[in-house]
Amino acid sequence: MKIDHLAFDIETVPSKELSDYSTLVQEKVKDKLERIQERNPDYDYNQFASIHGDFSKIICISMGYTIKNGNIKLKSFYGEDERKILTQFNEIIETFNGVYI
């Protein structure tokens, strides 16, 4: 199966609680959060960690793609095992032959 067009979305969550990191890392993150919270008081560690790769893990990749005959396929890979999700996603990506959106 050859994929012509592909769109995907990756969802992440914090990989662990802030308290699980060293004191130095906790202080650095808290300083950064305080600066961000001056502009956005509701911003918290969960939001911060979810968008920073050093603090997050992938829990879901959803994708939509078209194949040669024009059919649209939808697929999601999800769970707690980030490596498994990425492996499954990569198996589909290897067949990609078109434009990323």
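Two strands pair if DSSP finds at least two bridges between them. Strands (E, at least two residues) and helices (H or I, at least four) are DSSP runs, numbered from the N terminus. The legends below describe a predicted model, in which local features need pLDDT of at least 70, side-chain atom pairs count only at pLDDT 80 or more, and totals for chains, interfaces and linings use all residues. Residues are numbered from 1 along each chain as its sequence is written, and side-chain values use heavy atoms, with hydrogens and water left out.

View 1. Strand β2 covers residues 56-67. Strand β3 covers residues 72-78. The two pair in the antiparallel sense, over seven bridges. Look for Y65: its bridge partner in β3 is K73. T66 has I72 as its bridge partner in β3. Four residues sit between the strands of this hairpin, and G70 takes a positive phi near 90 degrees.

**View 2. I72 sits in strand β3**. Is I72 buried or exposed? I72 counts as exposed, at 64% relative accessibility. (Exposed means over 50% relative accessible area, buried under 20%, and partly exposed in between, with a 1.4 Å probe and protein chains only.) I72 touches Y65 and T66, leaving out residues up to four places away in sequence. Contact here means heavy atoms within 4.5 Å. H5 is 67 residues from I72 in sequence. In space, the C-alpha atoms of I72 and H5 are 9.3 Å apart.

**View 3. Strand β2 also pairs with strand β1**. Strand β1 covers residues 3-14. β1 and β2 run in the antiparallel sense over eleven bridges. Within this pairing, A7 stands opposite G64 in β2. Ten of the twelve residues of β2 are buried, so β2 is largely enclosed by the rest of the structure.

**View 4. Helix α1 has a buried side and an exposed face**. Helix α1 has 17 residues, 23-39. At 1.5 Å a residue it should span 24 Å, and its end C-alpha atoms are 25 Å apart, which agrees. The expected span is 1.5 Å times one less than the number of residues. Q26, V29, L33 and I36 of α1 are buried. They cover an arc of only 95 degrees around the axis, which puts them on the same side of α1. The arc is that of the directions from the helix axis to the C-beta atoms. An α-helix has 3.6 residues a turn, so residues three or four places apart point the same way. The face turned away from the buried side carries the exposed residues T23, L24, K28 and E38. What covers the buried residues of α1 includes α2 (45-51).

**View 5. Q26 lies in helix α1**. Q26 is buried, with a relative accessible area of 18%. Which residues does Q26 contact, leaving aside neighbours within four places in sequence? They are L18, S19 and Y21. The side chain of Q26 reaches the backbone oxygen of Y21 at 2.7 Å.

**View 6. Ring pairs link Y21, F48 and F55 into a cluster**. Rings of Phe, Tyr and Trp (its six-membered ring) pair if their centres lie within 6.5 Å; planes under 30 degrees apart count as stacked, over 60 as edge-to-face and the rest as tilted. The structure holds three aromatic pairs. One of them, Y21 with F55, is edge-to-face: 5.2 Å centre to centre, with 70 degrees between the planes. Y21 lies in the loop between β1 and α1, and F55 in the loop between α2 and β2, so the pair ties together parts 34 residues apart in sequence. Both Y21 and F55 are buried.

Technical notes:
A polar contact is a pair of N or O atoms within 3.5 Å; within protein, one must be able to donate a hydrogen and the other to accept it, and residues adjacent in sequence count only if both atoms are side-chain atoms.
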